Amino acid sequence: MCIGPRFSQKTYEPKGPKKTQLKLQTLDFIFSNSIDAIQRTTKEKKSVSVTAPWSFPYFSSPEAQTSTVVGRLLRFWDARNIKKDGQFMGIVLLLLDEKCSEIHAFIPAALASHFRQVLREGIIFNVSGFEVGRCTKLYKITDHPFLLRFLPATTIIEVSDVGPTIEREKFMLRNFDNLQALANTNIELPDVVGQITFVQGSNLNDPTSTQRLVLRYRIDSSVIVYLSLLDDVAATFRAHLSSGDTIYSVMLITTVNPKMFGG
């Protein structure tokens with residue numbers, strides 16, 4: 001089953017004789033009514049500032065390797081090993097500090113049940129008792145060279161009083177040329193803004209279905225890429241379709257894995 005006009009009065013097709021196409025896979029998405037609206041969201045400072053008599057090390061400071069850090073939890077998701085039938089590996093966290101520096105944190109599978117109930121996106125947390133390690137050279141979700149690994153002794157506490165302002169969002173946006181350069185390298189999982197022009201898949205009105213969906217996704221006036229939604233992300237997208245709410249055609253997708261196919 002396919003749908004198109006619900007998102008646009010026109011179905012866009014890839015132009016030109018190119019046989020090689022760019023395909024994206026994503027872990028999350030955000031709807032909007034226009035590309036400009038999302039671009040403004042990524043530039044505007046949407047934050048809350050309250051007073052406190054102390055400050056904390058930034059993610060970029062040397063002290064952060066042995067001390068407490070404070071940051072806003074932007075997003076978190078389950079990490080699974082697709083080569084081992086989706087084996088659960090742990091929880092990935094993306095944190096942002098008052099200097100607008102992002103850092104990747106990881107909770108191993110053995111500790112996931114202990115920490116999961118505390119995690120809430122958008123909340124500022126005080127994290128201490130972690131281990132600092134270097135990020136791998138593959139599947140990077142930030143430009144930061146280090147990551148925080150949770151230990152059995154790690155504590156994570158919600159903070160209500162923070163002196164400096166901490167932004168509410170930050171995205172690692174890339175354009176089509178960047179995506180082409182990253183394709184098939186697995187080096188980086190960037191964010192992309194575009195417009196949905198067509199949706200293809202089965203059981204579109206079943207919010208429990210995790211079957212793959214394929215979207216035609218316009219990221220430039222003449223560039224169409226194919227976006228795959230898998231597992232829980234596919235189910236979430238179907239839930240939006242079946243909710244009866246207005247579905248905007250512009251979508252910001254996060255942590256995408258660009259692939260080239262064809263030849």
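I shall speak about aromatic contacts, a helix and a surface patch in this predicted model.

Let me begin with the aromatic rings. A pair of aromatic rings is described by the distance of the centres and the angle of the planes. The structure holds one aromatic pair. Its members are Phe 115 and Phe 150, arranged edge-to-face, with 5.1 Å from centre to centre and 90 degrees between the planes. The pair connects distant parts of the chain, 35 residues apart: Phe 115 belongs to helix α2, residues 109-115, while Phe 150 sits in the loop between β10 and β11. Both Phe 115 and Phe 150 are buried.

I turn now to helix α4, which covers residues 231-242. Its twelve residues span 17 Å from the first C-alpha to the last, close to the 16 Å expected at 1.5 Å a residue. Which residues of α4 are buried? They are Val 233, Ala 234, Ala 235, Phe 237, Arg 238 and Leu 241. Just after α4, Gly 244 adopts a positive phi of about 85 degrees.

Finally, the surface. Leu 138, Tyr 139 and Ile 187 make up a nonpolar patch there, and together they have about 280 Å² of accessible area. Tyr 139 counts as partly exposed because its relative accessibility is 43%, which falls between the limits of 20% for buried and 50% for exposed.

Methods. Residues numbered from 1 in each chain as written. Predicted model: local features only at pLDDT ≥ 70, side-chain atom pairs only at ≥ 80, totals over all residues. Heavy atoms only, no water. Patch = residues over 30% accessible without salt bridge, like charges linked within 9 Å, V, L, I, M, F, W, Y side chains within 5 Å. Areas by Shrake-Rupley, 256 points an atom, 1.4 Å probe, with all protein chains shown as cover. Salt bridge = Lys/Arg side-chain N within 4 Å of Asp/Glu carboxyl O. Buried < 20%, exposed > 50% of the residue type's maximum accessible area, 1.4 Å probe, protein only. Phe/Tyr/Trp six-rings, centres within 6.5 Å; stacked < 30°, edge-to-face > 60°. Helix = DSSP H or I, 4+ residues; strand = E, 2+ residues; numbered from the N terminus. Expected span 1.5 Å × (residues − 1).
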